[in-house]
Amino acid sequence: MASEFDLIARYFTRAAPAGLLGVGDDCALFPVPPGEQVATSTDLLLEGRHFFPDVDPRALGHKALAVNLSDLAAMGARPIGCVLGLALPRLDEPWLAAFAEGFHTLAATHGCPLIGGDTTRSAHDLAISVTVFGAVPAGLALRRDGAQAGDDIWVSGELGAADVAYRLLDGQYPADAALLAATRGALEWPQPQVPLGLALRGIAHAAIDLSDGLLQDLGHVLNASRLGACLHYAQMPVSAALAALADAPQRRAVLGGGDVYQLCFTAPPARREAVLAAAKSAGARVTRIGQTLPQPGLSVLDGQGLPLADLPAGFDHFPAA
């Protein structure tokens with residue numbers, strides 16, 4: 001039977017980049033360049049709450065890091081490194097090998113090496129905790145409270161596919177193999193928009209990642225900035241996979257669906273060309289979907305300019321039992 005230290009050495013120990021002290025000591029050590037601040041974020045993923053028990057372990061390793069890198073992207077922070085905590089209900093070395101492969105592959109893509117963590121036995125379900133560290137020049141972080149009245153509101157990527165995949169896998173929608181195949185990648189293999197976040201520094205006023213749904217997450221920016229907003233549904237970058245859905249489930253997925261991990265950000269109208277140039281340099285698609293307003297409130301207009309009713313809520317981390 002492999003020990004905790006055997007597992008760490010076999011699956012989670014990699015050579016740390018120069019200047020960092022990684023796995024193998026009581027703490028990890030990393031430098032922060034002069035004039036920059038540390039950005040850090042932690043996410044906890046629980047089996048049955050944030051992922052299905054039969055998910056591909058490579059995809060789970062990827063997503064466990066991706067959701068944290070998405071937070072760095074939303075702040076315009078460059079990744080430095082990360083730490084991983086695993087509570088394992090059983091020892092399954094092929095599963096661990098696949099999980100580690102997915103995790104390390106994404107870490108290498110974004111220059112975010114695993115530099116520490118912990119493993120332990122769980123009496124119940126699998127639990128995964130990842131903490132990321134990044135660096136951002138002082139005063140350039142894309143904070144939620146930086147939006148200004150009259151800003152354009154933008155989103156990256158496409159919306160809705162992850163929510164539909166989740167509902168199909170959860171049995172909320174009738175089985176549809178073709179629709180699941182078209183949407184599952186968005187749910188299980190999200191691509192954090194780190195290059196876009198870096199490119200938007202000095203251009204965008206505020207940003208947030210869409211982990212809990214467009215309306216809910218944009219609402220956090222509006223509340224922090226003490227603003228309102230008007231969005232146009234006809235301008236939303238709806239995933240092509242949702243074309244056959246009826247209006248109600250499509251709108252619920254686009255406006256309220258979580259697990260998107262794209263960026264929603266605001267920028268002044270005078271910087272539209274700069275936003276598009278930043279997106280192009282980052283290899284990202286961005287779409288302008290509305291405008292911030294000085295008065296509180298959030299409305300979504302349909303194609304005729306009429307307000308949509310019964311707007312969906314986003315993901316609730318503490319739903320009623």
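User: Why is Tyr-261 called buried?

Analyst: Tyr-261 has a relative accessible area of 8%. Buried means under 20%, exposed over 50%, and partly exposed in between, with a 1.4 Å probe and protein chains only; Tyr-261 is therefore buried. This is a predicted model, in which local features need pLDDT of at least 70, side-chain atom pairs count only at pLDDT 80 or more, and totals for chains, interfaces and linings use all residues. Residues are numbered from 1 along each chain as its sequence is written, and side-chain values use heavy atoms, with hydrogens and water left out.

User: Where is Tyr-261 found, and what is its phi?

Analyst: Tyr-261 is in the loop between helix 8 and strand 8. Helices (H or I, at least four residues) and strands (E, at least two) are DSSP runs, numbered from the N terminus. The phi of Tyr-261 is positive, about 55°, although the residue is not a glycine. Asp-259 lies in the loop between helix 8 (247–256) and strand 8, and its phi is near 60°, a positive value in a residue other than glycine.

User: What makes Asp-259 buried or exposed?

Analyst: The relative accessible area of Asp-259 is 19%, so Asp-259 is buried.

User: Which residues does UniProt list for "binding site"?

Analyst: The unreviewed UniProt entry lists Gly-117, Asp-118, Arg-144 and Ser-211 under that name. They are spread over 95 residues of sequence and also in space, up to 31.5 Å between C-alpha atoms. UniProt positions follow the numbering used here, feature names are shortened, and annotations may be inferred rather than shown by experiment.

User: How do you know that Leu-180 is buried, and what does it contact?

Analyst: At 19% relative accessible area, Leu-180 is buried. Leu-180 is found in helix 5 (residues 177–188). Leaving aside neighbours within four places in sequence, Leu-180 is in contact with Ala-165, Leu-168 and Leu-169. The C-alpha atoms of Leu-180 and Leu-169 are separated by 8.0 Å, although the two residues are 11 apart along the chain.

User: Why does Ala-240 count as exposed?

Analyst: Its relative accessibility is 63%, and Ala-240 therefore counts as exposed. Ala-240 lies in the loop between strand 7 (228–232) and helix 8.

User: What makes a set of residues a nonpolar core, and which members of the largest one touch the most others?

Analyst: A nonpolar core is a set of buried Ala, Val, Leu, Ile, Met, Phe, Trp, Tyr and Cys residues joined through side-chain atoms within 4.5 Å. The largest has 48 residues, of which Leu-65, Phe-99, Ile-128, Val-130, Leu-196 and Phe-265 touch the most other members. Helix 2 gives the most to this core, with 8 residues. Apart from it lies another core of 36 residues, among them Val-155, Leu-168, Leu-187 and Leu-215. In soluble globular proteins, nonpolar side chains tend to be buried together.

Definitions and conventions
Contact means heavy atoms within 4.5 Å.
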